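Hi everyone, thanks for coming. Let me put the sequence and the structure up, and then I'll walk you through a few spots in it.

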Amino acid sequence: MTSPIDLRSDTVTRPTAGMRAAMLAAELGDDVFQEDPTVNRLEERVAALLGKEAALFVPSGTMSNQICVKAHTQPGDELICDSNCHIYNYEAGGPAVLSGVMCRTIEGDHGVIDVSQLDGKIRADNVHLVRTRLVCLENTHNRGGGKIYPLEKIEATSTWTRKNGLILHLDGARLWNAIVATGVPAKTWSSLFDSVSVCFSKGLGAPVGSALAGPRNFVAKARRIRKLFGGGMRQAGVLAAAALYALDNHVERLAEDHRNARVIAEAVAATPGLHLVPSEVETNIVIFRVDPELGTGQEVADALRARGVLVSATAPQTIRAVTHLDLSAAQAERAAEVVRKAVSQMAPVA
């Protein structure tokens, strides 16, 4: 039986043979004692790539972001973020639960906040009010359809936060996609932020792991918080080896994912009743809206599943498809054809 074409996320990938071999050969130690040489090498590599003093390997992107929130704030503080960002929507209320921090959300343009929207958002110094402390941006933006945050807008926000004594954090889970799509180096993006989180288990295809980076004293504080959150790992080099392999072999190939996403996006755009949101697909995420006359997003997802293509219904009328390391160009073409045929065969809802 033919395996389904899985477009639910870029987290569904399996380690390649080369990655598995690197994991098997990894030199190991106890990372809580900072004695795992492979983890140490990964942290040094990430810090150098991002132009930061230090980095810390952690189990997940959610943990990485939440460590940064806690390290940068005190209970009773407030962070500003886009209303559709991962930190606010997909991290189980982490800022409130783990750090006692409130989120003040701003409706961005597919995740992109213009600096003018930040004017007037800093709370006054008043005992009745929370303290505005942190601004969080996401690049590329998941719910924004993989949109790349324009560099000039980040530069403007970075200038604004520094002028106003605020901290700027980047959820860069898919920063690698922005780097490959734009040609702008990692250090250039990273230099505008006080802390950066990057992920290895999405487009880069590693089975586990993220890293955060920033000043050395910040990372030392983050290491203590990682222990508090239960993220201290022992012989974690077996996982760090996969991340190192990914950095060596899977970054530039992200361009293939972007090409495959455009193939699927073109099929969506050409299919009556489906609408790309946003209209231009920049990286590896394709989000589209389903006209109610066709049915719900879940009904379209079910129709695609019946024909061997897995996607995610992310809202009543919305579907997300994500290309990745385990998707070939031929499979992308096949998925595009399934989208065209499946939707054209769906009877309009009376």
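Before we look at the sheet, a word on terms: two strands count as paired if DSSP finds at least two bridges between them. Helices (H or I, at least four residues) and strands (E, at least two) are DSSP runs, numbered from the N terminus. Also, this is a predicted model, in which local features need pLDDT of at least 70 and side-chain atom pairs count only at pLDDT 80 or more, while totals for chains, interfaces and linings use all residues. Residues are numbered from 1 along each chain as its sequence is written, and side-chain values use heavy atoms, with hydrogens and water left out.

Let's start with β5. Strand β3, residues 77–82, pairs with β5 in the parallel sense, over 5 bridges. Within that pairing, Ile80 has Val135 of β5 as its bridge partner. Strands β5 and β6 also run parallel, joined by 5 bridges, and Glu138 stands opposite Asp171 in β6. To get from β5 to β6, the chain passes through helix α6, residues 151–163, in a right-handed β-α-β crossover. Right-handed here means that, with the strands pointing away from the viewer, the path from the first strand over the helix to the second runs clockwise.

How enclosed is β5 by the rest of the structure? Largely, because 6 of its 8 residues, in the run 131–138, are buried. Buried means under 20% relative accessible area, exposed over 50%, and partly exposed in between, using a 1.4 Å probe and protein chains only.

Helix α7, residues 175–182, also has 6 of 8 residues buried, so it is largely enclosed too. The buried ones are Leu175, Trp176, Asn177, Ala178, Ile179 and Val180. They pack against several elements, among them α2, β6 and α11 (contact means heavy atoms within 4.5 Å). Just after α7, Gly183 takes a positive phi of about 80 degrees.

Now for the rings. There is 1 aromatic pair in the structure. Phe57 and Phe200 have ring centres 6.3 Å apart and planes at 45 degrees, so the pair is tilted. For the cut-offs, rings of Phe, Tyr and Trp (its six-membered ring) pair if their centres lie within 6.5 Å; planes under 30 degrees apart are stacked, over 60 edge-to-face, and the rest tilted. Phe57 sits in strand β2 and Phe200 in the loop between β7 and β8, 143 residues apart. Phe57 is buried, at 0% relative accessible area, and Phe200 is buried at 0% as well.
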